Amino acid sequence: MVHSMAITEDGALLYWVSSDPHLRCQLLYSLCEKTIVSISAGKYWAATATAIGDVYMWDGKKSMDKPPVVATRLHRVKGKKIP
């Protein structure tokens, strides 16, 4: 039930789950054309922010054995300052 993420130098998002016996990291294809600048991962939920300010989230609990297929863009977040 544990997942991890990393950002490459060019802004790609790598993702892997602990249930994978070989711990292979995979590219999160639904965000391939975005430049990721920030990531956050909790026990089940994960979020990313892009270079243009879009925020995406997904439920890691639904995809415990594989990376998520789709990340959902959060609307009306762009340009907002979060305290």
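Two strands pair if DSSP finds at least two bridges between them. The exercises below use that rule on a predicted model, in which local features need pLDDT of at least 70, side-chain atom pairs count only at pLDDT 80 or more, and totals for chains, interfaces and linings use all residues. Residues are numbered from 1 along each chain as its sequence is written, and side-chain values use heavy atoms, with hydrogens and water left out.

**Exercise 1. Strands and sheets**

Task: List the elements of the protein chain and give the strand order of the four-stranded sheet.

Solution. 

Step 1. Helices (H or I, at least four residues) and strands (E, at least two) are DSSP runs, numbered from the N terminus. By this rule the protein chain has seven strands and zero helices, and its pattern along the sequence is β-β-β-β-β-β-β.

Step 2. Four strands make an open sheet in the order S4-S5-S6-S7, and their pairing is antiparallel. S4 and S7 have a single partner strand each, so one side of each is left without a neighbour in the sheet. From one strand to the next, the twist averages 25 degrees; the axes behind this angle are lines fitted to C-alpha atoms, and angles run from 0 to 180 degrees between N-to-C directions.

Step 3. Within this sheet, five bridges join S4 to S5, and a hairpin of three residues links S4 to S5. S5 and S6 also pair in the antiparallel sense, over five bridges.

Step 4. Another open sheet has three strands in the order S1-S2-S3, again with antiparallel pairing. Its edge strands are S1 (3-7) and S3 (26-27), each of which pairs on one side only. Two bridges join S2 to S3, and Leu14 stands opposite Leu27 in S3.

**Exercise 2. Thr50 and its surroundings**

Task: Is Thr50 buried or exposed, and which residues does Thr50 contact beyond its sequence neighbours?

Solution. 

Step 1. Thr50 is part of strand S5 (residues 45-50). Its bridge partner is Ile36.

Step 2. Buried means under 20% relative accessible area, exposed over 50%, and partly exposed in between (1.4 Å probe, protein chains only). Thr50 has a relative accessible area of 4% and is therefore buried.

Step 3. Contact means heavy atoms within 4.5 Å. Leaving aside neighbours within four places in sequence, Thr50 is in contact with Lys34, Thr35, Ile36, Val37 and Tyr56.

Step 4. With the same exclusion of neighbours within four places, Val37 is in contact with Ile7, Ala49, Thr50 and Ala51. Val37 and Gly53 are 16 residues apart in sequence, with their C-alpha atoms 9.0 Å apart.

**Exercise 3. The nonpolar core**

Task: Which residues form the largest nonpolar core, and which strand gives the most to this core?

Solution. 

Step 1. A nonpolar core is a set of buried Ala, Val, Leu, Ile, Met, Phe, Trp, Tyr and Cys residues joined through side-chain atoms within 4.5 Å.

Step 2. The largest such core has 11 residues: Met5, Leu13, Tyr15, Val17, Leu28, Leu31, Ile36, Ala46, Tyr56, Trp58 and Ala71. Strands S2 (13-17) and S6 (55-59) each supply at least two residues of this core, and S2 gives the most, with three residues.

Step 3. Take Leu31 as a core member. Not counting residues up to four places away in sequence, Leu31 touches Leu13, Ile36, Thr48, Tyr56, Trp58 and Ala71.

Step 4. Leu28 lies in the loop between S3 and S4. At 3% relative accessibility, Leu28 counts as buried. Between Leu28 and Ala71 there are 43 positions in sequence and 8.8 Å in space, C-alpha to C-alpha.

Step 5. Two further core residues, Ala46 and Trp58, stand opposite each other, with Trp58 in S6.

**Exercise 4. Chain totals and confidence**

Solution. 

Step 1. Of the 83 residues in the protein chain, 29% count as buried.

Step 2. Among contacts with a separation of 6 or more, 36% are between residues 24 or more positions apart.

Step 3. pLDDT is the predictor's confidence in each residue, from 0 to 100. Its mean over the protein chain is 76, and 73% of the residues reach 70 or more.

Step 4. Where pLDDT is low, the predicted coordinates should not be read in detail.
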